[in-house]
Amino acid sequence: MNSDPDPFEQGQRAARQNIPAEANPYRDGSEEHALWAAGHEKVAGPREANKGDGI
């Protein structure tokens with residue numbers, strides 16, 4: 001079993017906790033950064049789309 005944290009799952013968890021995408025803890029340009037961002041987008045993307053722009 002792999003005990004390393006999964007960046008994709010970490011990103012999803014961060015989005016569920018309303019942690020902004022800018023808080024990505026991985027080095028920009030790294031594979032982990034991209035995976036974390038993708039996980040965050042998967043959860044936050046639909047949620048952000050449902051907020052609307054208030055107009």
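1. Basis. The model is predicted; local features need pLDDT of at least 70, side-chain atom pairs count only at pLDDT 80 or more, and totals for chains, interfaces and linings use all residues. Residues are numbered from 1 along each chain as its sequence is written, and side-chain values use heavy atoms, with hydrogens and water left out.

2. Fold. The chain has two helices and zero strands. Both terms refer to DSSP runs numbered from the N terminus (helices: H or I, at least four residues; strands: E, at least two). Contacts are heavy atoms within 4.5 Å. Of those between residues at least 6 apart in sequence, 59% join residues at least 24 apart.

3. Surface. Of the 55 residues, 27% count as buried. Buried means under 20% relative accessible area, exposed over 50%, and partly exposed in between (1.4 Å probe, protein chains only).

4. Helix α1. This helix spans residues 7-16; its buried residues are P7, Q10, G11, Q12, A14 and A15. D6 caps the N-terminal end of α1. A side-chain oxygen of D6 lies 3.0 Å from the backbone nitrogen of F8.

5. Which residue just after α1 takes a positive phi? N18 does, at about 60°, although it is not a glycine. N18 is found in the loop between α1 and α2 (31-51). N18 counts as exposed because its relative accessibility is 60%.

Notes: Polar contact = N/O pair within 3.5 Å; in protein donor to acceptor, adjacent residues only side chain to side chain.
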